[in-house]
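Open the model in your viewer and keep the selection tool at hand. We will go from stop to stop, picking residues and saying what is there.

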Amino acid sequence: MNKTHIINNLQQAKPEHIEWIMQGHKLIKGLPQNQIRKPVECELCGFGKWYQEEGYKLVNIPQLQKLEKLHKEIHSAYTALYYITFDRRSKARATLISGDLEVPVDETPFRLNKLKDLEKKTITMIRALSKIEDEVNAMQDQDFDNGWLN
């Protein structure tokens, strides 16, 4: 793992996670399920795979270690938003078809809070990734050869 490889992975994580915010807005707007990305576990997105395979070795960047929890929270927020949106639509449709008189609970405030949470945590992660990227950029190539990863 070299400096350029690390920087490329940090840079790729930013638009990947901004995309989750965009998908969250689509959920709030009520787009059909086939037009919205399904959530993935944090270990399966590009950044998560890189972190699990290599990124965790960068022990001299404590900010990167702290991002692991935040990264999980981002994926958790989107997953909750996605499933509460589509589970509720299925339940409401089933209620209409069955003729049941159940009045659905308005989950809009919960969904909007999840979207806000997703946005806030993603912005925090992107800022942290930029700081880490700056730190790696400032390092000399020889630092990687001198056991920086230990």
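Select Cys45 and show its sulfur. The closest cysteine sulfur is in Cys42, 7.1 Å away, which is too far for a bond. A disulfide needs a pair of cysteine sulfur atoms within 2.5 Å. A search of the whole structure finds zero disulfides. Cys45 is buried, at 6% relative accessibility. Cys42 is buried too, with a relative accessible area of 10%. The terms work like this: buried means under 20% relative accessible area, exposed means over 50%, and partly exposed lies in between (1.4 Å probe, protein chains only).

A word on the source: this is a predicted model, where local features need pLDDT of at least 70 and side-chain atom pairs count only at pLDDT 80 or more, while totals for chains, interfaces and linings use all residues. Residues are numbered from 1 along each chain as its sequence is written, and side-chain values use heavy atoms, leaving out hydrogens and water.

**Next stop: a cavity**

Helices here are DSSP runs (H or I, at least four residues), numbered from the N terminus.

The whole structure holds two cavities of 30 Å³ or more. Rolling a probe the size of a water molecule over the atoms shows where empty space is left. A cavity is a set of points, on a 1 Å grid over the protein atoms alone, where a 1.4 Å probe fits but cannot get out; lining residues have an atom within 4 Å of a point. Grid points are joined across faces, edges and corners, and the volume is the space filled by probe spheres set on the points.

**Next stop: linked charges**

Select Lys69, Glu73, Asp117 and Lys121. A network of salt bridges links these residues. A salt bridge is a side-chain nitrogen of Lys or Arg within 4 Å of a carboxyl oxygen of Asp or Glu. By this rule the count comes to four.

Start with Glu73 and Lys69. Their salt bridge is 3.1 Å, N to O. Both sit in helix H3 (residues 62-98), four residues apart, so about one helical turn separates them. Lys69 is exposed, at 59% relative accessible area. Glu73 is partly exposed, at 25%.

Now go from Glu73 to Lys121. This salt bridge is 3.2 Å, N to O. It links distant parts of the chain: Glu73 is in helix H3, Lys121 is in helix H4 (residues 108-138), and they are 48 residues apart.

Is Lys121 buried or exposed? Lys121 counts as buried, at 19% relative accessibility. Lys121 also forms a salt bridge with Asp117, with the closest N and O atoms 3.5 Å apart. These two are four residues apart in helix H4, so about one helical turn lies between them. Asp117 counts as partly exposed, at 25%.

**Last stop: Thr85**

Select Thr85, in helix H3. Thr85 is buried, with a relative accessible area of 3%. What does Thr85 touch, not counting residues up to four places away in sequence? Leu27 and Arg111. Contact means heavy atoms within 4.5 Å.

Now show the side chains of Thr85 and Arg111. A polar contact of 3.0 Å joins them. A polar contact is a pair of N or O atoms within 3.5 Å; within protein, one must be able to donate a hydrogen and the other to accept it, and residues adjacent in sequence count only if both atoms are side-chain atoms.

Definitions and conventions:
1 Å grid on protein atoms, 1.4 Å probe; cavity = no way out; pocket = protein on both sides within 12 Å on 5 of 7 lines; lining within 4 Å.
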